[in-house]
Amino acid sequence: MKRLTALFGLALATAVAAPAAAQGTPPPAPAAVPRAAARVTAPRTILFIGNSFTQGAHSAVKRYRSNTISDLNGDGYGGVPALFKLFTQEAGLNYAVALETDGGKTLGFHWNQRRQVVDRQWDVVVLQELSTLDHNQGDPTDYRTYARQFADMFVHNNPRVDIYLMATWSRADLTYQPGSPWSGKPITAMAEDLRKATDGVRALSPAFRGVLPVGEAWLRAMATGVADPNPYDGVAFGQVDLWTYDHYHASIFGYYLEALVTFGRITGVDPTTLGPRERAADDLGIDPKVAVALQQIAKAQLAQP
């Protein structure tokens with residue numbers, strides 16, 4: 001009887017010990033599966049060529065966030081390209097932005113004096129001609145010549161490049177003051193003439209993907225009561241002045257609208273998605289309600305042909 005009891009106890013101890021031993025020796029871990037390397041997407045490169053209207057001259061936009069983009073001339077400008085860069089970041093896009101600008105200069109100047117600076121591969125290029133087309137005011141001949149030459153060069157470097165032509169705004173100083181081809185005409189006239197000339201240039205090359213209708217967006221802002229159309233008789237309460245003190249260049253509001261149109265047309269992103277808390281507007285002191293109104297203007301204008 002004692003022997004039977006001893007044998008039963010040994011069997012029980014063995015049965016209990018076996019699971020304990022199994023718990024103390026975990027099974028070997030499965031072989032590690034190497035994680036796929038993080039996919040790195042190269043930024044889309046964009047170059048802005050223009051003058052003071054691209055620089056953001058005579059406003060807080062000129063030096064705004066200049067450290068976020070590349071000024072190929074080393075002048076330290078941020079301008080509209082820096083606004084564009086910030087908008088793309090806010091939209092979750094990756095763009096490497098550069099500008100080559102010189103105040104009061106035509107595309108002919110940039111071609112003859114600076115093309116070696118920009119003669120490389122780009123994904124996107126924005127060309128902005130002089131606000132009066134040429135120094136004689138209104139002749140698009142050189143615009144047609146040099147924009148086409150730039151297009152040929154950029155296509156040679158990258159056959160898939162997208163080139164956009166900027167159609168700028170009516171100048172109040174050339175509309176409400178004497179001495180210009182637009183003197184005494186409606187404020188709409190100059191912007192419409194600039195758009196017509198730009199459309200003519202666009203037809204010269206399939207590399208020109210589209211027009212940035214900045215001047216028409218300004219007119220829309222005036223027509224809808226967001227902006228005052230004549231700064232010479234004061235600015236109406238509740239409206240903004242798209243021009244700066246010289247009634248020629250843009251104010252922070254005008255450049256902000258320029259950047260919104262550029263951003264929306266090039267990226268295809270609805271400008272109103274930036275919303276009332278958009279950072280550049282806050283940095284520049286633009287009322288959130290005004291920022292939203294300008295975003296809506298840009299969206300509406302981009303919806304037009």
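## Model and confidence

The structure is a predicted model, in which local features require pLDDT of at least 70, side-chain atom pairs count only at pLDDT 80 or more, and totals for chains, interfaces and linings use all residues. Residues are numbered from 1 along each chain as its sequence is written, and side-chain values use heavy atoms, with hydrogens and water left out.

The protein has a mean pLDDT (the predictor's confidence in each residue, from 0 to 100) of 91, and 87% of its residues reach 70 or more. For residues 1-25 the pLDDT is below 50, and this stretch has 0 contacts (heavy atoms within 4.5 Å) beyond near neighbours in sequence. Residues 29-38 also have pLDDT under 50, with 0 contacts beyond four places in sequence.

## Helices 9 and 11

Helices are DSSP runs of H or I with at least four residues, strands are E runs of at least two, and both are numbered from the N terminus. Helix 9 (residues 252-267) and helix 11 (residues 288-302) have axes that come within 9 Å and cross at roughly 45°. Helix 9 is therefore oblique to helix 11; angles under 35 degrees count as roughly parallel, over 145 as roughly antiparallel, 65 to 115 as roughly perpendicular and the rest as oblique.

Helix 9 contributes F253, Y256, L257, L260, V261, G264 and R265 to the contact, and helix 11 contributes V290, A291, L294, Q295, I297, A298 and L302.

## Residue R63

R63 lies in the loop between helix 2 (52-55) and strand 2 (70-71). Leaving aside residues up to four places away in sequence, R63 touches D75, G76, Y77 and G78. The C-alpha atoms of R63 and A82 are 8.8 Å apart, with the two residues 19 apart in sequence.

How values were computed. Axes fitted to C-alpha atoms, helices over the stretch in contact; angles between N-to-C directions.
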